[in-house]
Amino acid sequence: FYFSIINMITFGFKKGQICMFTNSDEAVINKKLPKELLLRIFSFLDVVTLCRCAQVSRSWNVLALDGSNWQRIDLFDFQRDIEGRVVENISKRCGGFLRKLSLRGCQGVGDSALRTFSQNCRNIELLSLNGCTKITDSTCNSLSKFCPKLKHLDLASCTSITNLSLKALSEGCPLLEQLNISWCDQVTKDGIQALVRSCPGLKGLFLKGCTQLEDEALKHIGAHCPELVTLNLQTCSQITDDGLITICRGCHRLQSLCVSGCANITDAILHALGQNCPRLRILEVARCSQLTDVGFTTLARNCHELEKMDLEECVQITDGTLIQLSIHCPRLQVLSLSHCELITDDGIRHLGSGPCAHDRLEVIELDNCPLITDASLEHLKNCHSLDRIELYDCQQITRAGIKRLRTHLPNIKVHAYFAPVTPPPSVGGSRQRFCRCCVLL
């Protein structure tokens, strides 16, 4: 079925296929509704449904394959079958109508096809090439030459991309608002500098895994991206407080920041966020082991719109952080505290009685928090929006405690693994191993 759909998308109907149509051209709907209205209805259909409609009758074939219906195309479901010629033929069929195209995962598509695409679809605004591993800087040169309206571009995992791509985009795509170059590890500060100087409207930058980036790159972002809302720097291990403080001072609209795996950062970042970024909603700082209660206190007292926090392996934080979050962050929905080994039942008690508890809190992750007991589950029983709780390797949590929680929250998903327990030696000196099992409720 998918193969026939691909052929339909690519070539339309061949002459010999018209015989499959019936006299349904005379159907009541075709007589009652003008073609303009039918065309409008078809514009809401997805690729597969349009291709099915194209097989109904001659008139529907013409309407379904009209370029105006192909303004948004997502070929992810067909990724294994998509080759360069498919993209070329789509571009010829859609032309200037096409606004959004996703080729995510289409590894058979290369620079040549995307050059043809760029020439034919000059009004493209959103393009995802995530995982299209064959493409190189040549594709960005083509986009720069022919697609000046491009706003969103996803090049994640296109590992051949270099600074030359960013320089080309800076020259030809000044309207760019969102760029994802995650895992494009050849990019350095020079490419970032060229990009941000010419694209002042950037709102989203995804730089996950760009391991060559240093503080100098962040300083360019902070100086030239006042509209920035989302920034992902996960595993950019060379960055420090200096670069991130510049971001905070220059990007006051920042709402989402991910610096997980950036082990060099300290509480200075949390202070800078609290002082400069009051709209912050998402903060991911997993494995940032230098962060403490002092920094999170400043953050919580100033960033009252926080909704999601990933504090996994922030090993220095204690119940003090949870107390501040419970008081000052009423919108908190998702909180990860995995491997925060100093957290106790008292911190969960404050969280469970805070303003976020009753209607907001949806997910809490407490994996490998050894001081957590069944008392914490009691403190969470009034969190009526709680959808999921992670309790892997919480050795003091029992089946009975989970069962009691479920009497109050019957739809909650509880993920817990009860590791093997080794009892004291028996009289004869031998040990028996007793296994506590995995719970997925």
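Which elements do the buried residues of α16 pack against? They pack against α15 (319-328), β11 (334-336), β12 (363-365) and α17 (374-379).

## Model and confidence

This is a predicted model, in which local features need pLDDT of at least 70 and side-chain atom pairs count only at pLDDT 80 or more, while totals for chains, interfaces and linings use all residues. Residues are numbered from 1 along each chain as its sequence is written, and side-chain values use heavy atoms, leaving out hydrogens and water.

The average pLDDT (the predictor's confidence in each residue, from 0 to 100) is 89 for the chain, and 87% of the residues score at least 70. Over residues 13-21 the pLDDT is below 50, and this stretch has 16 contacts in the model beyond near neighbours in sequence. Contact means heavy atoms within 4.5 Å. Residues 429-437 also have pLDDT under 50, with 23 contacts beyond four places in sequence.

## The chain as a whole

The chain holds 18 helices and 15 strands. Both are DSSP runs numbered from the N terminus: helices are H or I with at least four residues, strands are E with at least two. Of the 441 residues in the chain, 50% are buried. Buried means under 20% relative accessible area, exposed means over 50%, and partly exposed lies in between (1.4 Å probe, protein chains only). Among contacts between residues at least 6 apart in sequence, 78% join residues at least 24 apart.

## Helix α16

Helix α16 covers residues 345-353, and its buried residues are Asp-345, Gly-347, Ile-348, Leu-351 and Gly-352. Seen down the axis of α16, these residues fall within an arc of 155°, so they line one face of the helix. The arc is that of the directions from the helix axis to the C-beta atoms. An α-helix has 3.6 residues a turn, so residues three or four places apart point the same way.

## Helices α13 and α14

The axes of α13 (residues 267-276) and α14 (residues 293-302) come within 8 Å and cross at roughly 10°. That angle makes α13 roughly parallel to α14. On the α13 side the contact is made by Asp-267, Leu-270, His-271, Leu-273 and Gly-274, and on the α14 side by Val-294, Gly-295, Phe-296, Thr-298, Leu-299 and Asn-302. By class, the residues of this contact are five nonpolar, five polar and one charged. Ala, Val, Leu, Ile, Met, Phe, Trp, Tyr, Cys and Pro count as nonpolar, Asp, Glu, Lys and Arg as charged, and the others, Gly among them, as polar.

Axes are lines fitted to C-alpha atoms, for helices over the stretch in contact, and angles run from 0 to 180 degrees between N-to-C directions. Angles under 35 degrees count as roughly parallel, over 145 as roughly antiparallel, 65 to 115 as roughly perpendicular and the rest as oblique.

Leu-299, in α14, counts as buried at 0% relative accessibility. Its C-alpha atom is separated by 4.5 Å from that of Gly-274, 25 residues apart along the chain. Not counting residues up to four places away in sequence, Leu-299 touches Leu-270, Leu-273, Gly-274, Leu-280, Leu-283, Leu-306 and Met-309.

## Helices α10 and α11

The axes of α10 (residues 189-198) and α11 (residues 215-224) come within 9 Å and cross at roughly 5°; the two helices are therefore roughly parallel to each other. Lys-189, Ile-192, Gln-193, Val-196 and Arg-197 of α10 meet Glu-216, Ala-217, His-220, Ile-221 and His-224 of α11. This contact has four nonpolar, three polar and three charged residues.

His-220 of α11 is buried, with a relative accessible area of 13%. Leaving aside residues up to four places away in sequence, His-220 touches Lys-189, Gln-193 and Val-196.
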